[in-house]
Amino acid sequence: MALIEVKVPDIGDFDEVAIIEVLVKAGDTVKAEQSLITVESDKASMEIPSSHAGVVKELRVALGDKVSTGSLVLMLETADVGAAASATAVPVAAPVATPIAEPAATMAPASAAAAVVAPGPIEITVPDIGDFDEVAVIELLVKVGDTVTAEQSLITVESDKASMEIPSSHAGVVKSLLVKLGDKVAKGTPIAVLEGVGGAAVAPAAAPAASASAPVSAPAVASAEVAAPVAAVAAAALPAHQPGTPSAALPHASPSIRKFARELGVPLAEVKGSGFKGRITQTDVQNFVRTVMTGSLQTVAQQAKAPAAGSEGAFPGLLPWPKVDFAKFGPIERKDMSRIKKISGANLHRNWVLIPHVTNHDDADITELEAFRVQLNKENEKSGVKVTMLAFMIKAAVAALKKFPEFNSSLDGDQLVLKNYFHIGFAADTPNGLVVPVIKDADKKGIFQISQEMSELAKKARDGKLGPADMTGGCFSISSLGGIGGKYFTPIINAPEVAIMGVCKSTIEPKWDGQAFQPRLTLPLSLSWDHRVIDGASAARFNVYFASLLADFRRIVL
């Protein structure tokens, strides 16, 4: 048995690159050429392979560490002492010194010529990418008509060990693209034709060829050096990589996208790619963040911290949820829950468990308001806008929130955030479940505008076309069962709001006017509120005030 050091081979001009993935751990048995870590620069990502087979005794690096040529990666225990001895004898830099210098040497004249090139068509080709015979184009980063700068990435290519962005050697306007997604390219393959924007294009390399510091060739050199075996077969060509074939745990995304995701804290493994063959794009990352922020999706880490309702261990001390074979008692069928119900169910469960709900019930006399609503609809029948009682309730909610500002707030740790805007949500029943669209700036809109927006949002909800912007930012919600029936119920607060108004179907009730009972149209009210923010007296006053506004809508203008 022998203990050998496995180090980072020559990775070209990259001084320090970050470790973004550790693929093995102490005790793992690895094969020769098996990838150990993944590193990334601003233009390329690459996997560092093991030079020998053996057992990992100790890792000398961690996620986030910066490494360069010669950095110690791990200690490996091998069975062959002779192999270990030969490991130290195989110089990595020696075989690759010539390939590094040669591309620079060949590029030097081109660079010199580039400095004096006149405006006109410029053909951009793939620079030297080392021993890779053909690599697949997995992403197009520009389109015809785009203005690009020198060193701006044009395409992303991928081998089985590295993905790299191919930059432009000149500045200009893209006149035509000569490759498409899925094409195989190699050194010298034309990528695009640029129209030069000036007499002097930015040269991709300095004049001294021996410096091997050309930015264009840097990713290519790095990928070639890492992919080449450390053993004597370094010169063997590698087969072209098929991006659609899963290779490792690394997400299918370019280096710049992985860096973007890391800066936002996005778990790329959970992002579904919409690009070529499932490639993750920047838009995919942005949409994932937006979905998580609106509560429509939970990451695996979030789900682990918040067990699902009914799961064993969700509430310590409680009996586990009963497991029953329902088929023993009669015929059954199973039906998957809709996506909306899955999402809303998780949110409602969280809100019910975490918010100390209290519900106050009251009645509002809407006799005159209903007569006024019917009259408005008759007068404006040709407009196509139908005014509903809910539109009046939204205006009444705004007035009540202004009078009782703690109802227009949200908890943020130990602080109460009081809002100076008035966005009112209303529950909409759809075939797939309940959603809550939001009327923005309801205080600045009239009854007809609110009615029209409600109609449009309700249609979008039924058609499944509501976007995140249509359902976020609410201050207070109204859940109406008026078209169905019932008397009172306990609506669940829509966090981070602190209250919600529930209303049921109005009925004719006898009311004593001091001399006789009179038939009055009565609307049942059910106000649920967060007892951490609101006390019982404030809730009762809110309910009474809200009912008084519906009984005499003229009070809205006071």
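The model is predicted. The protein contains eleven helices and 27 strands. Of its 558 residues, 42% count as buried. Among contacts between residues at least 6 apart in sequence, 65% join residues at least 24 apart.

**Open sheet with the order 1-8-6-3**

- Four strands form an open sheet in the order 1-8-6-3, and their pairing is antiparallel.
- The edges of this sheet are strand 1 (2–7) and strand 3 (29–30), each of which pairs on one side only.
- Within the sheet, four bridges link strand 6 (residues 54–59) to strand 8 (residues 72–78) in the antiparallel sense.
- Glu-58 stands opposite Met-75 of strand 8.

- Strand 11 pairs with strand 14 (residues 172–177) over two bridges, in the antiparallel sense.
- Val-148 has Gly-172 of strand 14 opposite to it.

**Strand 4 and its partners**

- Strand 4 spans residues 35–40, and six of its six residues are buried.
- On strand 2 (residues 17–22), four bridges connect to strand 4, and the two strands run antiparallel.
- In this pairing, Val-22 stands opposite Ile-37 of strand 4.
- Strand 4 also pairs with strand 5 (residues 44–49), in the antiparallel sense and over five bridges.
- Thr-38 has Glu-47 in strand 5 as its bridge partner.
- Strand 4 and strand 5 are joined as a hairpin through three residues.

**Glu-40, a buried charged residue**

- Glu-40 lies in strand 4.
- Glu-40 counts as buried because its relative accessibility is 7%, and the cut-off for buried is under 20%.
- The side chain of Glu-40 makes a polar contact of 3.0 Å with the side chain of Arg-262.
- Leaving aside neighbours within four places in sequence, Glu-40 is in contact with Val-17, Ala-18, Ile-20, Ser-45, Pro-255, Arg-258, Lys-259 and Arg-262.
- Of these residues, Lys-259 is 219 residues from Glu-40 in sequence, yet the C-alpha to C-alpha separation is 8.8 Å.

- Strand 18 (residues 409–412) and strand 19 (residues 415–418) run antiparallel and are joined by four bridges.
- Ser-409 stands opposite Leu-418 in strand 19.
- The hairpin has two residues between the strands, and Gly-413 takes a positive phi near 65°.

**Packing of helix 9 against helix 10**

- The axes of helix 9 (residues 389–403) and helix 10 (residues 447–462) come within 9 Å and cross at roughly 120°.
- The crossing of helix 9 with helix 10 is right-handed.
- From helix 9, the residues Leu-390, Ala-391, Phe-392, Ile-394 and Lys-395 meet Ile-447, Ile-450, Ser-451 and Met-454 of helix 10.
- By class, this contact comprises seven nonpolar, one polar and one charged residues.

- Lys-341 is placed in helix 7 (residues 339–354).
- Lys-341 is partly exposed, with a relative accessible area of 43%.
- Not counting residues up to four places away in sequence, Lys-341 touches Asn-432 and Gly-433.
- Lys-341 and Gly-433 are 92 residues apart in sequence and 5.5 Å apart in space, C-alpha to C-alpha.
- Glu-370 belongs to helix 8 (residues 367–379).
- The side chains of Glu-370 and Arg-373 are joined by a polar contact of 2.8 Å.
- Apart from neighbours within four places in sequence, Glu-370 is in contact with Met-389 and Leu-521.

Notes
Residues numbered from 1 in each chain as written. Predicted model: local features only at pLDDT ≥ 70, side-chain atom pairs only at ≥ 80, totals over all residues. Heavy atoms only, no water. Axes fitted to C-alpha atoms, helices over the stretch in contact; angles between N-to-C directions. Left-handed = near helix turned anticlockwise from the far one by under 90°. Contact = heavy atoms within 4.5 Å. Nonpolar A, V, L, I, M, F, W, Y, C, P; charged D, E, K, R; others polar. Pairing = 2+ DSSP bridges. Buried < 20%, exposed > 50% of the residue type's maximum accessible area, 1.4 Å probe, protein only. Polar contact = N/O pair within 3.5 Å; in protein donor to acceptor, adjacent residues only side chain to side chain.
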